[in-house]
Amino acid sequence: MVFPVSPYQGMLTGRALVIRGSVTVVLLAIDLLMWGGLSVTWSGADLSPWADVAVVAVMVLAYGCLALFRSAVPGYLAVLGVALCSLVVPAIETFAGFAMALFLLARQADRRLALLGLAGAAVPVTVNTATAYHFAASPGTQYLLVSASLWSLLYLAAWIAGRMLGAADGRLSRERRQASEARREVLAEERRRISRELHDNVAHSLTAIVLQAAGARTGLTRQSASTDDLVRSLEGIESTAAQSMRELHRMLGILRSPAPEGAPPSGLLGVEDIDGLIRSGQDSGLDLLLSTTGTPVPLDPSVSHTAYRVVQEGLANTMKHAGAGTAARVVLEWRPATVVVTVHNGPGPRPQPPVSGGFGLTGLRERVDVVGGTLRAGPTEDGYLLQATVPVTPGRPSGSRIAGPAEPPERQTREAG
C-alpha cells in the first residue's frame, strides 16, 4: 500500500486520508485489544475505570496524529510518547502503531532522521519485552533474549521496508521529473521545428510576392509594362501563393495527424522541386541560373528537403537584401557521398548586409546539422554566398556553425582545377 510521501506537515485530505485513516484504525484496534487483555498492574490489580479512559484517550490522540498528519514525524513522536508512558503505566501496548510510525518515518525522512527513529524503537522493545517477561509462565534469561530479539527484528523489518519503499519513491519521482523535462524539451524542439518551417515557407513566398507585386505596380505606374508582363507577374504571385498554401496545409496535416515515430513526414519538397524556386525567383526579377555537376542519386527525404530549404533561404535572402535585377547562381554538385548546394549572388541594387545570425540562417544551420552536414554563409568579394554540404544519407549531427566568409563557386572550381 502506498502512502503519500511529503515533508509538508499539513493534514491529509481526500483519498489519502481515507487510506491512512483506515489502516490506523485497524492498528489502533489491535493495540487496544492487546492492552485490554493485559490491563493489569505489575501487582495484578485491575486499573481503575478512569485510568482505562485516560489510556484509551491518549492512544486515540496519538494514533490520530499518525493518521491525520501528512508528515510521519508528528505521528512518530506521539506514538513514541505513548511508549514512554508504558514505562509508568505498564501493559500499554504500542506494538502495531509504533511499527507503522517507524515504517512511515523511514520511508519519508532522510537517513539521519530515520536512524534516530530506529534508535527510538529501543523504548517499545524494552516495554514489550518486559511485559512478555512479566507474564511468561517460566521466564528466564534465554526467554528474555529471544523476546527482545523478536521485537527488535520486527521493528527492524518495518524500518527496512520503509527505507526500501522510500528509495523506490525517490527513483519514481526522479523518473517522473526527468520524463517531464524530456517532454518539455520535445515540445520546445517541435515548436522550433514548426517555427523553422513557417519561416522558410512564409519568408520566401512573401518576399517573392512582394517583389512581383512591386514590379507590377511600377510597370503600371510608369506604363512600361505590357499586358503580358503584368499577366506573368500576377501568375507568378498566384503560383507562389498557391505553393505556400499547399505547404501550410501539409504542415497542418502533420500537426493534426502526426506520422508514426521514425517515419519521415510525407509531402516534403526536395531537390526535384528546386526548379520551381528558380522560376519563382526569375518571376521576381532575379537573373537566376541553375547548374548541376556530377551524377544525381536518390536522396533520403530529410536530406533532399534540407537541400531544398538551403536554396529557398538563399534566394529569399537575395530577393530581400539584394533586390530585383540581381544575378544569382544555384549550383548542385553531386559527389560520391555528399551533395554541395551553393547559392551565390552578385551585388544588387541594394547592398548585401553581412551575416546577421537571424532566425533564418540559425534555423537553416540547425536543419543542416541534424542531417550531419555543414553550412557556410557570408559575404564575398563579389557578392554573397550560402553553401551547404550534406551527406547523401543522414548522419550524426555535426555541430556545425555558420562560417564565413566563403569563396564563390567559380573561385572554388578554379582552385580545385
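The model is predicted, so local features need pLDDT of at least 70 and side-chain atom pairs count only at pLDDT 80 or more, while totals for chains, interfaces and linings use all residues. Numbering runs from 1 along each chain as its sequence is written, and side-chain values use heavy atoms, with hydrogens and water left out.

So, the overall picture. We've got 12 helices and 5 strands in the protein chain; those are DSSP runs, H or I of at least four residues for helices and E of at least two for strands, numbered from the N terminus. There are 417 residues, and 40% of them count as buried, meaning under 20% relative accessible area, with exposed being over 50% and partly exposed in between (1.4 Å probe, protein chains only). Now contacts, that is, heavy atoms within 4.5 Å. Take the ones between residues at least 6 apart in sequence: 75% join residues at least 24 apart.

Let's zoom in on Val123, which sits in helix α6, residues 122-135. What does Val123 touch, leaving aside neighbours within four places in sequence? Leu80, Ala83 and Leu84. Gly81 is 42 residues from Val123 in sequence, and their C-alpha atoms are 9.6 Å apart.

On to salt bridges: a side-chain nitrogen of Lys or Arg within 4 Å of a carboxyl oxygen of Asp or Glu. By that rule the count is 2. One joins Arg107 and Asp169, at 2.6 Å, N to O.

Buried or exposed, or in between? Glu333 is partly exposed, with a relative accessible area of 28%, and Arg335 counts as partly exposed too, at 40%.

Last stop, the second largest pocket. Its lining has 16 residues, and the closest to the centre are Ser233, Gln282, Asp283, Ser284 and Gly285. Helices α7, α8 (227-256) and α9 (274-283) each give two or more residues to that lining, and α7 gives the most, with 5.

That's the tour, folks.

How values were computed. 1 Å grid on protein atoms, 1.4 Å probe; cavity = no way out; pocket = protein on both sides within 12 Å on 5 of 7 lines; lining within 4 Å.
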